[in-house]
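Come and read along with me.

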Amino acid sequence: MRQAHGVSDELKLINAAKGGSVEAFTELVHGYRERLFRYLLTRCASHADAEDALQDTFINAYRYIATYNPQWRFSTWLYRIAIRNAGRLRSENVAELGELSDVSNDPLAHCIAESERHNLWRNAKRLLSEEVFAAMWLRYVEDMSIKDIAAVLERSSSWTKVNLLRGRRALEAEMNNGAQDPGSEAYG
Amino acid sequence: MDKFTRQLREDAANIDAGISAELDSRINASLQNVTPESARQRTPATRSPLFWWASSLTGIAAAFGMLAIINLVNLGRPGPSPQVQVQEPVAHIVVPELDLEVEAAMLTSPLAEELAKLQADLRRAEEAVRDDVRIDF
């Protein structure tokens, strides 16, 4: 019931934002800020890039709010924009600076406490491709359906299912290796 | 929720994604300068069903009318006789001389090697299976 109220409130805010209300849009995206920023921190080359990507995501979302189709969840639409922005920033950085393999600048390394360095998402970033990582994040963190993930990534449902399974296998293997060998580099 | 899912959720929650006041104000300021683009006017299907019935019937009537006119115009007029074009035989066909002095073995040897390797793989696989069976039973 609460969720139904939440959805109807969200629709009201979306309609108000479509009418040009910045306040409504700000209220609408308020709950998504940290969730999106967390994802962007995992995908961008630096903390500053993640901040820029978040800002661009909200600007683009507000600018094109009229094109939002309510048949999809609002978070699906926002993630789609965020993933595009992260990819665009990444490709611009690669074009300007070359290969982005500077581990010391990795925002994830700065955003995870020292005691939590055995973070599976760091391994996921190392092991999985960008799209498979995104699919895993949307599935396991955002609890999105296969259909929604496929829509965000503009892929087929079959591709999404297969790659979620592959990603899970890869991470489970890594998790088990780490559990067996605590001194290994797998979690560092 | 299984262990893997729980671990991934916990690890995601451990990523510090606090929005600084500066970033917050930056986003709010940039949003103030953005004007949403209005949705493109899509032509909604607001016409009544009567319109579609009327246009369909008009189309069908027009098609029948055209068929009737064509048939009346061509009535009694013999159709054109089919013309058979006879091609003249080509006078000179130059057949290039092919160098056929190539050893057949040169052409087939890569395939033969590949076949031998595949057969060897098969033999090794068979031996492995035999060994497994011997150990298991």
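This is a predicted model: local features need pLDDT of at least 70, side-chain atom pairs count only at pLDDT 80 or more; totals for chains, interfaces and linings use all residues.

**Entry 1: α3(A) on α4(A).** From α3(A) I noted L36(A), F37(A), L40(A) and L41(A), and they meet A50(A), A53(A), L54(A) and T57(A) in α4(A).

Next I looked up the geometry. I found that α3(A), residues 33–43, packs on α4(A) at an angle of about 135°, and the axes are 9 Å apart.

**Entry 2: α4(A) on α2(B).** How do the axes of α4(A) and α2(B) cross, and at roughly what angle? I found that they come within 10 Å and cross at roughly 30°. Angles under 35 degrees count as roughly parallel, so α4(A) is roughly parallel to α2(B). I marked this crossing as right-handed.

For the residues, I listed E51(A), Q55(A), F58(A), I59(A) and Y62(A) in α4(A). They meet L23(B), R26(B), I27(B), S30(B) and L31(B) in α2(B). I sorted this contact into six nonpolar, two polar and two charged residues.

**Entry 3: the chains together.** How many residues does the contact take from each chain? I found 33 residues from chain A and 24 residues from chain B. On the side of chain B that touches chain A, α1 (3–13) and α2 (21–32) each supply at least two residues. I divided that side of chain B into 12 nonpolar, seven polar and five charged residues.

How values were computed. Residues are numbered from 1 along each chain as its sequence is written. Chains are lettered from A and ligands numbered from 1 in the order in which they are written. Two residues are in contact if their C-beta atoms, placed from the backbone, lie within 7 Å. Helices (H or I, at least four residues) and strands (E, at least two) are DSSP runs, numbered from the N terminus. Ala, Val, Leu, Ile, Met, Phe, Trp, Tyr, Cys and Pro count as nonpolar, Asp, Glu, Lys and Arg as charged, and the others, Gly among them, as polar. Axes are lines fitted to C-alpha atoms, for helices over the stretch in contact, and angles run from 0 to 180 degrees between N-to-C directions. Angles under 35 degrees count as roughly parallel, over 145 as roughly antiparallel, 65 to 115 as roughly perpendicular and the rest as oblique. A crossing is left-handed if the near helix is turned anticlockwise from the far one by less than a right angle, and right-handed if clockwise.
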